[in-house]
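I opened the model to look up a helix packing, a chain contact and a strand arrangement. My entries are below.

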Amino acid sequence: MKYVDEFREPELISKAGEEIRRLADRTRHYRIMEVCGGHTHAIYRFGLKDLLPSNVELIHGPGCPVCVLPMGRIDDGLSVTANPDSIFAAFGDMMRVPGTHGSPLEYKARGMDVRIVYSPSDALKLARMNPEKQVMFFAIGFETTAPSTALTILRAKLEGIRNFSVFCNHVTIIPAIRAILDSPDMRLDGFVGPGHVSTVIGCRPYEWIAQDERKPVVVSGFEPLDILQSIVMLLRQLRRGEAKVENQYKRVVPWDGNRAALRAMAEVFELRPYFEWRGLGFISQSALKIRPAYAEWDAEQRFAVPGVRVTDPKAAQCGEVLKGVLKPSQCKLFGRECTPETPIGALMVSSEGSCAAHYNYQHHKPVTIANAVAL
Amino acid sequence: MAISANKIKFREPQIEMAHGAGGIASRRLVEGLFAPLLFGAASGPLGDAAHIQLNGTRIAVTTDSFVVKPLRFPGGSIGELAINGTVNDLAVSGARAEAMVVTFVLEAGLPTDVLEAEVRAMALAAEQADVRIAGGDTKVVEHGKADNMYITTTGIGRVIPGVSVRPDSVRPGDHILLSGPIGDHGVTILLARGELDMEAEIQSDTRSVFPLVESLVESAGTGVRWMRDPTRGGVATSLNELARDCGLAIALFEQTIPVRDPVRGACELLGLDPLHIANEGQFLAVVAPEQAGRALEALRSTPGGAEARIIGEVREQPPACVFVTTSYGGARLVDMLVGDPLPRIC
């Protein structure tokens with residue numbers, strides 16, 4: 001398949017693995033954070049850890065929008081659509097994320113009208129097709145998905161569609177990276193930068209990480225070869241004692257981002273003074289809300305939202321895992337009380353959550369699998 | 001042992017959609033509630049069909065309900081599925097379907113021409129599979145209480161002499177055969193629902209797999225240890241069930257698993273794993289290594305079997321698990337599906 005197979009070419013992948021082993025200084029331990037959940041998923045799915053030397057460690061970052069969403073937001077969103085004239089629309093990613101009284105999928109099984117949509121414009125289509133219903137799109141995601149939400153709100157205004165609203169949970173990546181770097185128990189050598197977010201924001205917003213924090217950043221694609229090449233680029237910088245922002249994902253990411261997308265976001269959204277992140281706590285100016293000019297399409301302004309706050313179970317160590325301080329398997333609940341089917345923390349829900357990825361692809365003692373493969 | 005003494009392990013407060021999706025939740029329901037109360041202590045590993053002895057003849061019995069939305073989709077329809085699904089469940093238990101009874105649950109307001117089209121599809125599929133429809137039952141429920149129509153088919157078949165497919169006969173070193181490309185049916189249905197703004201040149205693989213099973217069994221005889229049609233939950237779920245039942249490891253070789261480009265493309269876009277997607281016209285078989293080559297040849301020379309492959313092998317370690325190895329030396333676990341496959345966006 002075009003644009004996929006080239007980046008999964010076994011021979012090139014082996015070569016990239018060799019290059020990583022050659023570049024990695026054996027006397028050093030490297031801790032590299034992949035910011036984006038899509039990378040976490042790909043690393044597990046393609047078994048890329050098996051190709052890295054033991055002193056090159058990948059730490060899973062906070063870039064999984066489902067994982068960082070506090071449970072109270074899910075409760076709020078579901079409560080708005082509790083009345084029978086409502087349709088709750090969200091990406092498939094959200095469907096199994098537990099609220100206090102169940103996930104959207106469980107609400108659906110109990111009779112609530114819950115729809116999986118593939119894009120916000122599909123939710124708007126639902127509103128057009130069901131004029132007697134109130135359709136609420138539960139918006140999640142970083143800058144990757146925020147522009148399409150913005151464009152959909154602009155379209156709803158243009159067409160005068162009044163039975164459509166957005167419950168906005170869009171967050172921004174840079175404050176999360178800053179929170180991680182500010183965390184005292186965190187020691188990182190560099191970042192595999194998020195690819196899809198960067199298609200929108202470009203590479204410039206990461207420059208402070210290189211300049212002020214002296215950590216290299218390589219914006220990366222999502223295929224095995226992309227990720228390995230990004231690690232090669234990071235190791236080269238570290239070897240030379242450099243810290244700069246590089247773009248491995250040039251085929252998709254323009255250095256200055258996507259101006260049209262950024263314009264749409266700026267038109268519709270403004271920064272919230274602060275927003276709660278699951279596991280990371282309140283981070284100032286880290287999330288987007290809908291501007292007053294578009295209040296009519298803002299579910300939070302149009303409907304009574306209870307503003308629920310739910311604290312995570314004490315035993316769950318989502319925050320530590322999210323910050324990369326603990327590995328998923330080091331959490332007390334991992335694989336016991338907390339599994340993809342009965343998730344306690346959100347990291348176990350999304351297949352991009354580091355716990356779910358770790359559970360789905362590796363929980364049976366990775367060493368034994370590696371041995372079995374070698375047999 | 002009195003049935004009441006059997007331990008009910010199913011403690012979930014209510015039935016969720018996931019309990020019907022064919023994955024791990026379905027298994028918990030069946031093994032935790034149905035099996036202990038209904039099958040008593042006699043229940044062994046749960047196969048696609050039950051085998052019973054009648055006057056010295058081994059008979060296979062199975063039943064399946066069909067609830068699919070939309071009723072018609074590229075490559076097939078609910079009526080055809082209802083026949084082929086049951087024919088296939090019998091086939092992978094080593095039996096040729098002989099007769100079937102059919103139950104219709106119809107929703108008031110269903111247009112007659114829609115029903116007629118499905119009944120015609122059933123008649124054609126039954127004729128092609130050479131199975132007799134021996135009887136049936138009809139119920140009508142109020143409008144809004146069913147998705148147009150549900151069909152249940154119950155089939156009996158004669159077990160092919162000499163065939164014994166059991167997970168406990170599977171041995172390390174055995175080969176895993178797959179009859180053809182995976183994911184066609186599930187992706188077709190996903191796209192046919194029209195909820196995703198995607199189109200692809202793809203159609204359901206629904207068909208009877210009996211001719212393929214027959215030629216496999218003829219060529220490999222008792223070397224065929226186990227068979228399963230990977231419907232809901234896909235290849236991953238079927239093989240995980242096998243791994244748990246036999247306590248061995250299933251190693252799959254990623255590059256040998258046939259997946260058509262449109263299915264791969266849709267799965268890449270939607271964040272789904274083809275190994276979790278439903279099939280309606282494929283089957284998996286575990287075959288002893290000595291017979292595997294011949295079995296593959298036989299499958300490939302049977303019409304509809306040209307794309308059959310050996311996709312993996314049984315190993316001793318690690319116990320009761322399925323994993324995939326990539327061509328560049330990576331490995332990952334393949335777990336059962338939890339609930340329905342959901343498209344992933346961000």
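I worked on a predicted model, where local features need pLDDT of at least 70, side-chain atom pairs count only at pLDDT 80 or more, and totals for chains, interfaces and linings use all residues. Residues are numbered from 1 along each chain as its sequence is written, and chains are lettered from A in the order in which they are written.

Entry one: helix packing. I took helices (H or I, at least four residues) and strands (E, at least two) as DSSP runs, numbered from the N terminus. H6(A), residues 146-159, packs on H11(A), residues 259-268, at about 60°, with axes 8 Å apart. Axes are lines fitted to C-alpha atoms over the stretch in contact, and angles run from 0 to 180 degrees between N-to-C directions.

Entry two: chain contact. I counted 36 residues from chain B and 42 residues from chain A; contact means C-beta atoms, placed from the backbone, within 7 Å. On the chain B side, the largest share is four residues, from H7(B).

E5(B), residues 95-107, pairs with E7(B), residues 149-159, in the antiparallel sense over 11 bridges. Pairing needs at least two DSSP bridges. I found B:Phe104 opposite B:Ile151 in E7(B). E5(B) also pairs with E6(B), residues 132-141, in the parallel sense over nine bridges. There, B:Val101 stands opposite B:Gly135.

Technical notes:
Contact = placed C-beta atoms within 7 Å.
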